[in-house]
Amino acid sequence: MKQSIYFFVLITVIITGCQFTHHDDIDMTNFEGFKVTLPVGIDNNVLHMDLNDLQNLYYQSLSSFGKEISNDNIDITLEELALITDNILQKYPDPTDLSETNIDRILNDFSELNENNINEYIDVIDSFYTKIIRYELADTLAKTQISLSKSASGYGSNISFAEIWTLIWHPRLIIPTRDAVNQANILTSDEEWGKFPGIRSYKNIVDAYKHAIWNVLIAKYVGDKKNSIEKCVNWAKKFTDKHEEGQKKPQAMSLADFNLECEMDYHNNKIGRDYFSNVAWTEKQGTKTIVMAPSDNSIADAIYEKTSFAIKVATASIITNYPNNLVYIDDLEEDNDDGWE
């Protein structure tokens, strides 16, 4: 019931809060040397916002409605953020996909361009739409928080402050990152497809496997948005580092144990990224370069094989002794696992 209420309110916010459609009376401005058409409701200031500006926009909106302001008050999951993002992305052309429809939409906004020189200025085009999408995400996120009480949310685990602003700054990577997280969960714990069905993934070999395959799949799934293996790996590192930075030490846990757990996760994340770097390749598709990788099942088999050589560790300082091995802290025990640790 809570989940149904949440999504009803969320979709209402998206529909009513993001009505930036194109009309004949829209504003024009200059951007990177080009005359561009701004959507209704967007002014020139949006094109100059940095991350601090977006965060201030979010906090000012909350404050105006009497919401408490802190780094912990973003009540949203990755799935919910992806839903908002998908609705916003549909309103703008994707510069990584120069279909006839997207070309027409770009030429409508960049009147000085023509079809023959779009590729030459693709980075400017991408920057223009990305800045607008970031703004809409921050604005819609604030409206969502204002419209919802925390008791209405019950769909998965919330993402941290560090994660959410990293995602907002890279909006076209939100949906593939969500898809990678979901697939990593399936390939870990699903009764049919998972390598470790019914086994809790916390500080054990299952946890090591999950973090490694998570990083592989994130790097793989953004492959059609990036043009190099290095850029895919960099995004996987950026996002998963933010995930680890968002972890909080349980009050009952010692600092040494917490650091050990964190170092285990950072290490296994890197094992996954190193694997991806070794097996990925690039392909040219028309004028576009995309990054390719083996099938998800092949990846799962390869990472699972690495668990046979995983090393049990007791202190954080010795993890660096095993640069090519997954590491874990505790032995396996049967339990159910609902999400990421």
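Colleague: Why is Y59 called buried?

Modeller: This is a predicted model, and the word rests on a computed value. Y59 has a relative accessible area of 12%. Buried means under 20%, so Y59 counts as buried. You will find Y59 in helix α2, which covers residues 51-64. In space, Y59 and A142 are 7.6 Å apart from C-alpha to C-alpha, although 83 residues separate them in sequence.

Colleague: What makes T140 count as buried?

Modeller: The relative accessibility of T140 is 0%. The cut-off is under 20%, therefore T140 is buried. T140 lies in helix α5.

Colleague: How do you know that the side chain of T140 and the backbone oxygen of E136 make a polar contact?

Modeller: A polar atom of the T140 side chain lies 2.7 Å from the backbone oxygen of E136. A polar contact needs a pair of N or O atoms within 3.5 Å, so this pair is within the limit.

Colleague: Is E32 buried or exposed, and why?

Modeller: E32 has a relative accessible area of 56%. Exposed means over 50%, so E32 is exposed. E32 sits in the loop between β1 (28-31) and β2 (34-37).

Colleague: Where is K203, and is K203 buried or exposed?

Modeller: K203 lies in the loop between α7 (174-189) and α8 (205-221). With a relative accessible area of 17%, against a cut-off of under 20%, K203 is buried.

Colleague: How do helix α5 and helix α6 pack?

Modeller: Helix α5 (residues 122-147) and helix α6 (residues 161-169) pack at an angle of about 145°, and their axes are 9 Å apart. From α5, the contact uses T130, R134, L137, A138 and L141, while α6 supplies I164, W165, I168 and W169. Those residues divide into seven nonpolar, one polar and one charged.

Colleague: Which residues line the largest cavity, and what makes it a cavity?

Modeller: V46, M49, L54, K131, R134, Y135 and W169 line the largest cavity. A cavity is space where a 1.4 Å probe fits but cannot get out. The largest cavity holds about 30 Å³ of space, and a search of the whole structure finds one cavity of 30 Å³ or more. By class, its lining has five nonpolar, no polar and two charged residues. The largest share of that lining, three residues, comes from α5.

Colleague: How much space lies in the largest pocket, and what makes it a pocket?

Modeller: About 860 Å³ of space lies in the largest pocket. A pocket is an open set of points, with protein on both sides within 12 Å along at least five of seven lines. Its lining has 26 residues, and T96, D123, D126, K225 and K226 lie nearest the centre. Helix α5 gives the most to this lining, with seven residues. Sorted by class, the lining has seven nonpolar, eight polar and eleven charged residues.

Colleague: How many helices and strands does the protein chain have?

Modeller: The protein chain has eleven helices and six strands. Of its 341 residues, 49% count as buried.

Definitions and conventions: Residues numbered from 1 in each chain as written. Predicted model: local features only at pLDDT ≥ 70, side-chain atom pairs only at ≥ 80, totals over all residues. Heavy atoms only, no water. Helix = DSSP H or I, 4+ residues; strand = E, 2+ residues; numbered from the N terminus. Buried < 20%, exposed > 50% of the residue type's maximum accessible area, 1.4 Å probe, protein only. Axes fitted to C-alpha atoms, helices over the stretch in contact; angles between N-to-C directions. Contact = heavy atoms within 4.5 Å. Nonpolar A, V, L, I, M, F, W, Y, C, P; charged D, E, K, R; others polar. 1 Å grid on protein atoms, 1.4 Å probe; cavity = no way out; pocket = protein on both sides within 12 Å on 5 of 7 lines; lining within 4 Å. Points joined across faces, edges and corners; volume = space filled by probe spheres on them. Polar contact = N/O pair within 3.5 Å; in protein donor to acceptor, adjacent residues only side chain to side chain.
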